[in-house]
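Colleague: Hi! Can you put the model up so we can walk through the sheets and the ligand site together?

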Amino acid sequence: MTTPLLEVKGLQQHFPIKGGFLKKTTGYVKAVDGIDLQVFPGETLGIVGESGCGKSTTGRTILRLLEPTSGEVWFDGKDLAKLPKEDMRRMRKDLQMIFQDPYASLNPRMTIKQILMESLMVHNIGTPAERLKTIEEIIEIVGLRKEHLNRHPHDFSGGQRQRIGIARALVVKPKLIIADEPVSALDVSIQSQVLNLLKDLRKEFNLTLMFISHDLSVVKHLCDRIAVMYLGRIVEIADKRTLFENPSHPYTRALLSAVPVAKPRQKRERILLTGDLPSPANPPSGCTFHPRCPYATDICKSKVPSLSDIGAGQLVSCHLVQSGELLSK
Ligand code: SF4
């Protein structure tokens with residue numbers, strides 16, 4: 001069996017809520033509340049869910065852009081969650097991030113050449129001549145030209161800036177890239193160009209990718225396996241085909257029922273989600289989806305379902321699916 005490149009166990013990210021005159025901690029926002037997942041070499045794992053479900057926080061916590069509250073993040077034989085800061089800094093060469101807003105993540109005072117050079121210099125990669133050769137190659141690989149290296153971020157369109165963000169992540173030849181909603185700030189016409197670029201690069205560089213998005217059709221385009229998140233937890237993980245053909249968790253079914261299908265024969269029953277995503281500062285008891293779930297029973301309100309394998313590597317966190325009372329669609 002292949003060893004995962006990344007293995008996350010029981011990851012939590014709880015942000016304290018401060019209140020009162022003395023700014024005492026009065027509670028916690030449980031943005032990520034016990035995530036377990038694995039990412040295998042060369043695969044693209046999609047993380048999908050509504051805005052506010054904790055998917056971006058999960059990505060940032062894995063990379064320790066936010067310090068985890070608890071849990072383990074095993075990468076290349078090391079637990080990143082416990083790594084001293086200096087070792088973590090060195091490790092960043094192998095773990096890169098592509099951000100949602102490329103403009104905010106690119107220093108406006110630096111040229112593209114300086115931005116890309118900086119990444120190589122920080123990690124002490126190559127001689128000055130080798131660095132120049134590397135960045136000239138990478139800028140063309142992402143679909144821009146060498147002349148663009150002397151320009152500043154504001155000289156580029158949104159799609160071009162995201163290409164620069166991708167070049168910056170790729171230039172250090174990382175083992176894992178976490179892409180956080182990389183196309184959601186772009187025009188729809190540009191989105192597919194950037195997605196196709198990521199798809200090509202994935203093959204060319206044999207990239208391992210964690211792709212975070214609120215959009216199931218975007219995730220479908222690129223990912224091998226998909227994890228569905230709800231209120232800080234994963235409720236279902238499966239390979240793409242299984243998830244789209246046999247979604248099991250009622251939340252996954254509701255999300256999928258809103259995605260248009262190519263062949264009308266495949267038309268799914270529309271499941272409308274009622275109510276808003278509850279606050280992660282005060283999550284519902286038991287299965288946190290129960291106030292919005294059309295199938296909820298008494299046990300759902302009192303007992304937290306585990307994330308269990310229901311066959312063929314499809315993991316689902318639902319009492320009724322696990323007991324066979326609710327069959328996959
Ligand atoms: Fe719905 Fe109960 Fe399953 Fe939660 S455990 S998804 S409330 S049926």
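This is a predicted model: local features need pLDDT of at least 70, side-chain atom pairs count only at pLDDT 80 or more; totals for chains, interfaces and linings use all residues.

Colleague: What stands opposite Gln12 in β2?
Modeller: Asp33 does. Residues are numbered from 1 along each chain as its sequence is written, and side-chain values use heavy atoms, with hydrogens and water left out.

Colleague: Nice. How many bridges join β1 to β2?
Modeller: There are 12, between β1 (residues 6–19) and its antiparallel partner β2. Two strands pair if DSSP finds at least two bridges between them.

Colleague: And which sheet are they in?
Modeller: An open one of four strands, ordered β2-β1-β4-β5 with antiparallel pairing. Its edge strands are β2 (24–39) and β5 (78–79), each pairing on one side only.

Colleague: What lies across β1, β2 and β4?
Modeller: Helix α1, at about 110° to β1. The angle, on a scale from 0 to 180 degrees, is between N-to-C directions of lines fitted to C-alpha atoms, for helices over the stretch in contact; contact means heavy atoms within 4.5 Å.

Colleague: Switching topic: what's the order of the eight-strand sheet?
Modeller: β6-β7-β8-β3-β9-β10-β12-β11, an open sheet with mixed pairing. β6 (95–98) and β11 (308–309) are the edges. Six bridges join the antiparallel β9 and β10, and Ile226 has Ala238 in β10 as its bridge partner.

Colleague: Last one: how many charged residues are in the shell around the ligand?
Modeller: None; the shell has eight nonpolar and three polar residues.

Notes
Helices (H or I, at least four residues) and strands (E, at least two) are DSSP runs, numbered from the N terminus. Ala, Val, Leu, Ile, Met, Phe, Trp, Tyr, Cys and Pro count as nonpolar, Asp, Glu, Lys and Arg as charged, and the others, Gly among them, as polar.
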